[in-house]
Amino acid sequence: MINNLNILLPEIFLTLSIFTILMIGVFTKKSFNLVFNLTSFIIIISIIIILNVSDKTVKIFLDSFIRDSFSNFFKILILIASLFVLNSSKNFIIDRNINKFEYPIIVLISILGMFFMLSSNDLILFYLGLELQSLSLYILASIDRDNLKSSESGIKYFILSALSSGLLLYGCSLLYGFTGSTNFDLISNSLNKENTGAIFAMVFILVGLAFKISAVPFHMWTPDVYEGAPTSITSFFAVVPKVTGLALFIKFMFIPFSSILLEWQSIIIFISIASMILGALAAIVQKNVKRLLAYSSIGHIGYALAGVATGVVSGYESSIIYITIYVVMNVGAFSCLYLMKKDGKYRENISDLSGISKKHPLLSISLLIILFSLAGIPPLGGFFAKFYVFSSVLEQKMYALAIIGLLTTVISAFYYLRIIKTMYFDDSIITYDVVKNKLAQTTILISCSVLITFFLYPSVLNKLVNSLFAGQ
Amino acid sequence: MNFPILSTLIFLPMVSALFIFLSKEQKNNSSATYISLFSSIATFVLSLFVWYSLDLSSPEFQFIEEKSWVNDYIKFKLGVDGISILFIVLTTLITPICIISCINSVKERIKEFLIAILILETFMIGVFCSLDLVIFYLFFEAGLIPMFLIIGVWGGPKRVYSAFKFFLFTLLGSVLMLVAIIVIYWLTGTTDITQIYEIKIPKEYQNLLWLAFFSSFAVKTPMWPVHTWLPDAHVEAPTAGSVILAAILLKMAGYGFLRFSIPLFPVASEFFTPLIYTLSIIAIIYTSLVALMQEDMKKLIAYSSVAHMGYVTLGIFTFTKQGVEGSIFQMISHGLISAALFLCVGVVYDRLHSRLISSYGGLVNYLPKYSFLFVVFALAALGLPGTTGFLGEFLVLTGSFQKNYIVAMLATIGVILGAGYMLWLTKRVIFGEITNEKIKNFKDTNKLEIFMLTTLASLVIFFGFYPAPLIETLDVSVNNLLMNYEQSLNNIKVVSND
């Protein structure tokens, strides 16, 4: 039993520290700064702990909890992403008066939920983790409670997400009914194509997961929530839950549903194409940068799902690489929003960017690099992400998916170019306040330098990701 | 040779761009200008050295550099042969001239402009050096970013439309090429073109793959009917942008046909030859007629570029020695001449800020030196014997006569039309009545302008009379290309006869 607890160490550490800093937050006055810094510290410690555990696959608690290199990789990715998202948004949080000490703690709780989701090998543990994560996200979406838009987005997210969780739970119960087990391995063994009921259940689970990563046609909440929630929350939403959702997609495809891959595949191909097309077309008419990024993230999830749709390990690897680079780009893109401050207010319309390249050359060149990378233009990191995904798609001879996907990148290039046009070609009307936001600037710098230098060693990520599937 | 000379050649401009980026703002940005000028001349000298030390008797790729890149299966492989070295030298020659032209014409944000030009140079040299399909695609596409900014930031009134059109047209063509590259990788297990030359791609795949590559190269060449982005881009781009676009970016496609389409897909190349002939002939005749009707000088030269590139594609797909050598020669010659013509337009544009033909007239009375040079380039563009323009067209026509009479005769019409629009342009701009009083106050070309234009003029005339250095450089490589092409066609015929 004690050995088992050892395997749970990251989760236990995270839980205990959440309790501790919650107490610290309650009993000290004006504790936001302290709790915030402690949170960053806890995240770093967690990364170190996970780095130090062995990569061997271990299953504990009646095989319901699994620790393997796959879950470890995603846990580290989530922690690093959260670290950058939180720190780059610190000044923003203070400026917007949402600097309550609960903020970082709730973020940590949602990370804990994600940890359990990633490590689950059982439907019940998976669902518990999902709910823990979702409940924290509902609170985060409406954390600026005096703001009408933020509350609205929180409620919208809550209702729709609760519905999808319900569907997912229904799917889980059906799956249990048809296979007689909640354990992923046992489900996988007893599934086959004749089991129509289980395929039915699979569709429900798929819907629930697709909602969490906002894939079309379950994307409706995304633009509103992205726009309504404070930018710091939006950037968290855009990055961290997406990573988890995609990891679970891969996990489900890899273990419980591996024997009904074909049925599952055709649905994912549809979702992927629909997301790519909608993400590309709907973003064209947006005027708000956050809404635009919402649609662009829908498109990017489409590309990542194209890798998942291949149904082979190399495809999963490519979508993991894709989502990793996506994290780097989006963290950078949102950090740029923290620097767009005028007269004490943060601007988020595309027109507010007009001509900033003259007054703010560094901000605009960073945004330029990030946007070209999002558009997938070589030699930036985003190109390699797309290259890997489409190369594994073409390996499976799915020509239509690849060609549609690449054509949508041309369409989506249009709206990224439109922002660049606003920054560089239009006349200057806006000068932002001088923002001393070292944390956001560092984040942008790191993001841009990763994207630029990625082409020197494009296989760094590959080796890491290849090792995730080596054991299986 | 152990020293990575090609990587140095590629990344030298980019490193100097980094220096400019980090250098402090000064009055007139003189440090930025000097750094960029110095580094681009150094690159030019280095490329001349590569040319000099290239073993011309061998058709093999030389100065090969190989590094493992993506997962050990895609290599970062560079190398040059007799064909690519000419384009590299052309690139490194045109870039310093562009930088000199910026000193006069670019008034604002010159530092950023120079950075964009140098980064673009890196990507252009990279295109001509790469021996791997993925690397080629990387450089080919990356060039869009600086060019998009050059047109959009420093361009004319309709710059946004032109920049978007340029970017999206090219990107749309290229994504299909990316699909083809990945498919080739899964077919052959490599993207190293020297290995694919040996492996040979299965016949049933060739046609589709050829079309995918063609979609990219046709947009870039540009061939009729996807040429419409070019006049817009040329008209709105600043002088240096137009020069690079006409002199080098368009040549990437012709180079791509030679390096990829023909050796990789010989069967498909033969199959699609009628298509290329038709499109080239339409390009030559139709765009020449369109050029006749233009009011805008830059637009006229842009349309004439489309017509000249028509000769290039025609020549390449004759698969005769004269045709292929002629089209490479035509590309180099067009690189020099169109660059010079755009510079000439830039010279008067800096003075009057108009590109309309009707606002000029009688320039010869006040700008004699300029007029002399302009006439030289106009005559070279229409293919006067003694200039490079003549030799290129002559060789292409000789090549195409061997293959198809009618095509060659139709192409010859283009020569006449070319003479028509160039001479008429010269008549209206240089000679004739003085219609605009402001011309009387013009100063003749200054030293920098004279320097740029005479350099190009002397090259045009020198290689027009003595083309041997160029022809000798590419001779062996072209022979090798054609030999491999015929061999693989014969092999496939033998197989199908069995």
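# A short walk through a two-chain model

In this model, 24 residues of chain A are in contact with 26 residues of chain B. Before we go on, please keep in mind that this is a predicted model.

Let's stay with that contact for a moment and look at it from chain A. Helix 18, residues 381-395, and helix 19, residues 399-424, each supply at least two residues of the side of chain A that touches chain B. Which helix of chain A gives the most to that side? Helix 19 of chain A does, with eleven residues. As for the kinds of residue, the side of chain A that touches chain B divides into 18 nonpolar, four polar and two charged.

Between those two helices there is a loop, and A:Lys397 has its place there. The phi of A:Lys397 is near 60 degrees, a positive value in a residue other than glycine. If you are new to this, here is some background: most residues other than glycine have a negative phi. Is A:Lys397 buried or exposed? With 12 other C-beta atoms within 10 Å, A:Lys397 is exposed, since 12 or fewer is the cut-off for that word.

There is another residue of this kind in chain A. A:Asp63 also has a positive phi, near 60 degrees, and is not a glycine. You can find A:Asp63 in the loop between strand 1, residues 58-60, and strand 2, residues 65-67, of chain A. A:Asp63 has 13 other C-beta atoms within 10 Å, so it counts as partly exposed.

The peptide bond from A:Val216 to A:Pro217 is cis, with omega near 0 degrees. As background, most peptide bonds are trans. A:Pro217 sits in the loop between helix 10, residues 196-212, and helix 11 of chain A.

Why does A:Pro223 count as buried? A:Pro223 counts as buried because it has 23 C-beta neighbours inside 10 Å, and 20 or more is what the word asks for. Leaving out residues up to four places away in sequence, A:Pro223 touches A:Arg291, A:Ala294 and A:Tyr295. Take A:Ala294: A:Pro223 and A:Ala294 are 71 residues apart in sequence, yet their C-alpha atoms are 5.3 Å apart in space.

My last stop in chain A is helix 21, residues 460-468. Which residues of helix 21 of chain A are buried? They are A:Leu461, A:Val465 and A:Leu468. These residues cover an arc of only 35 degrees around the axis, and therefore lie on the same side of helix 21 of chain A. The general idea is handy to remember: an α-helix has 3.6 residues a turn, so residues three or four places apart point the same way. On the other side of helix 21 of chain A, A:Val460 and A:Lys463 are exposed. And what covers the buried residues? The cover of helix 21 of chain A includes helix 4, residues 69-88, and helix 15, residues 313-337, of chain A.

Over to chain B, starting with strands. Strand 1, residues 62-70, and strand 2 of chain B run antiparallel and are joined by six bridges. Strand 2 of chain B, residues 74-80, is mostly covered, with six of its seven residues buried.

Chain B has a cis peptide bond to show you as well: the one that joins B:Trp224 and B:Pro225, with omega about 0 degrees. B:Pro225 lies in the loop between helix 9, residues 203-220, and helix 10, residues 229-236, of chain B.

Let me finish with two helices of chain B. The axes of helix 14, residues 297-316, and helix 15, residues 321-352, come within 8 Å and cross at roughly 170 degrees. Helix 14 and helix 15 of chain B are therefore roughly antiparallel to each other. The residues of their contact divide into ten nonpolar, nine polar and one charged. Among those that meet are B:Ile301, B:His308 and B:Tyr311 in helix 14 of chain B, and B:Gln330, B:Met331 and B:His334 in helix 15 of chain B.

Helix 14 of chain B also holds B:Met309, which is buried because it has 31 C-beta neighbours inside 10 Å. Beyond its neighbours within four places in sequence, B:Met309 is in contact with B:Thr221, B:Pro222 and B:Leu250.

Conventions. Residues numbered from 1 in each chain as written. Chains lettered and ligands numbered in written order. Predicted model: local features only at pLDDT ≥ 70, side-chain atom pairs only at ≥ 80, totals over all residues. Axes fitted to C-alpha atoms, helices over the stretch in contact; angles between N-to-C directions. Helix = DSSP H or I, 4+ residues; strand = E, 2+ residues; numbered from the N terminus. Parallel < 35°, antiparallel > 145°, perpendicular 65-115°, else oblique. Contact = placed C-beta atoms within 7 Å. Nonpolar A, V, L, I, M, F, W, Y, C, P; charged D, E, K, R; others polar. Arc of directions from axis to C-beta. Pairing = 2+ DSSP bridges.
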